[in-house]
Amino acid sequence: MSSVDDVFHRPDYAKDMAKQLLRPTAFQTNIRSGVFLSGIRRIGKTTFLKQDLIPALEAEGALVLYIDLWSDRSLTPSALVHKAVQQALEKFNTPSSSLLERFKGLNMGAAGISFGFQIDSVGSREGTSLAQAISELIDKTGINVVLIVDEIQQALVTDDGNNLLHALKAARDAVNAKPGDHGYFLFLGTGSHKSLVTDMATRRSQPFMGAMTTTYNPLSEDFVAWKIAQLQASPDVILPSLEVAFSGFQTMGNRPEELLKALVQLQSTTISADQAFPIICATLASAAADSELHALDQFGQLGEALFTRIASGPAEGVSRLYGAESLEFFSKRVNANVEAPQVQNLVEKMIAANLITRSGHGLYVVADPFVREVWLGKQVLLAI
Ligand SMILES: Nc1ncnc2c1ncn2[C@@H]1O[C@H](COP(=O)(O)OP(=O)(O)OP(=O)(O)O)[C@@H](O)[C@H]1O
Ligand SMILES: [Mg+2]
């Protein structure tokens, strides 16, 4: 491999988000209740967090703890968080550690900070709570602590995960509700399961209800231009125009890996690049959507009818899925009488499978808009 940077950086987007997290305006203060960032699969969420957002937060003087709940399936979500917090505290406690070095402007002294609790007891049953540990850290240093939990939806599926969310909320309240000028505890959860991630901030039963929800900005034309410019350096390379490349990228759901696949396939084209590229992209998009749509098979005919109803409805969402008109539609499709509870039950299952999602009160959409596009395109072909 050459030494080209493999990551397209998004410093402005990162700076903007870092600023909102650390220095919210009067209109943005619910950010301090927590932020839930969602986006469909494989569009660069994790890359953005690690490559751009964390450096931007650190540049603003924050301590960032990043945890991926899928990183080690042998550890529970709370064990992963406790470990990260303990490691950070340990570094503040170790004379001349790199972390102390980073914050040396804050008069902490080279000897480090001592805490009024055993660091390795943080999170243990009889030990120190996350709230206690994090408030003491912030009290003693005055810094902002940002905890980023990737694949946050994973915390919803176990009691351990739910306990963790309650413990994090308690930590947030212990720190952020204090009056006066002080460091804050910011929580950012991300994931690709839009319904679950959004539920965490909107459902009354959830500890983070009232937190902010937001959507990850997918990569755009500047990313495609960067990729094309990078490839242009190779001898005899066949490349599409930027316009055609970007449109193909969008067809494939703004997914960097798919773009690269399409560009590789383009190298064996015998027709003009701009003619071949859209075909390659459409084919790849359709293959990717098909593999997502496989998840539909397990829901039978009614599942397919439900998906059809939602996918072919308005982009902002389909309402009255349990109304007479919908039930008649379903009954016709499956050739049997369909009742509302049956549909309700299936809706919940298809949300859990990340095929559909709630877009608002009583509104449902296809979870991945790109899958919907491809699906709609196919229906047009089938109708011919
Ligand atoms: N800014 C970028 N520059 C270059 N490549 C990128 C960039 N962002 C993402 N990619 C590539 O796209 C792929 C998906 O990225 P990433 O894992 O960050 O996405 P994700 O949205 O977190 O995916 P998942 O839904 O699986 O968690 C990776 O191969 C990654 O290298
Ligand atoms: Mg990811």
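# A guided tour of the predicted model

Begin by colouring the chain by its domain assignment, which gives domain 1 (11–215) and domain 2 (221–384), with bounds that come from an automatic or database domain assignment. This is a predicted model, in which local features need pLDDT of at least 70, side-chain atom pairs count only at pLDDT 80 or more, and totals for chains, interfaces and linings use all residues. Residues are numbered from 1 along each chain as its sequence is written, while chains are lettered from A and ligands numbered from 1 in the order in which they are written.

**The whole chain**

With everything shown, the C-alpha atoms fill a box of roughly 75 × 60 × 40 Å along the principal axes. Of the 384 residues, 37% count as buried; a residue is buried if 20 or more other C-beta atoms lie within 10 Å of its own, exposed if 12 or fewer, and partly exposed in between, with C-beta atoms placed from the backbone.

**Between the domains**

Select the two domains separately, and their C-alpha centres will be found 34 Å apart. Seven residues of domain 1 are in contact with 12 residues of domain 2, contact meaning that the C-beta atoms, placed from the backbone, lie within 7 Å. The side of domain 1 that touches domain 2 has two nonpolar, three polar and two charged residues; here Ala, Val, Leu, Ile, Met, Phe, Trp, Tyr, Cys and Pro count as nonpolar, Asp, Glu, Lys and Arg as charged, and the others, Gly among them, as polar.

**The cores**

Next, select I134, V145, V146 and F185, the residues with the most contacts inside the largest nonpolar core, which has 54 residues. Such a core is a set of buried Ala, Val, Leu, Ile, Met, Phe, Trp, Tyr and Cys residues joined through C-beta atoms within 7 Å. Helix α3 (residues 77–93) gives the most to this core, with six residues. A second, separate core of 42 residues includes M252, C281, V343 and V365.

Returning to V146, and leaving aside neighbours within four places in sequence, one finds contacts with L21, L57, A62, V64, L186 and L188. I148, which lies in strand β3 (residues 145–150), touches L49, V64, Y66 and L188 when residues up to four places away in sequence are not counted. I148 counts as buried because 25 other C-beta atoms lie within 10 Å.

**Strand β1 and its partners**

Four bridges join β1 to strand β4 (residues 185–191) in a parallel arrangement, strands being paired if DSSP finds at least two bridges between them. S38 has G191 as its bridge partner in β4. β1 also pairs in the parallel sense with strand β5 (residues 212–215), over four bridges, and there L37 stands opposite T214.

**Around ligand 1**

Finish at ligand 1, where G44, K45, T46, T47 and P256 come nearest among the 13 residues around the ligand; a residue is near a molecule if its C-beta atom, placed from the backbone, lies within 6 Å of it. The elements giving two or more residues to this shell are α2 (45–59) and α10 (256–266), and the largest share, three residues, comes from α2. By class, the shell has four nonpolar, five polar and four charged residues.

Technical notes. Contact = placed C-beta atoms within 7 Å.
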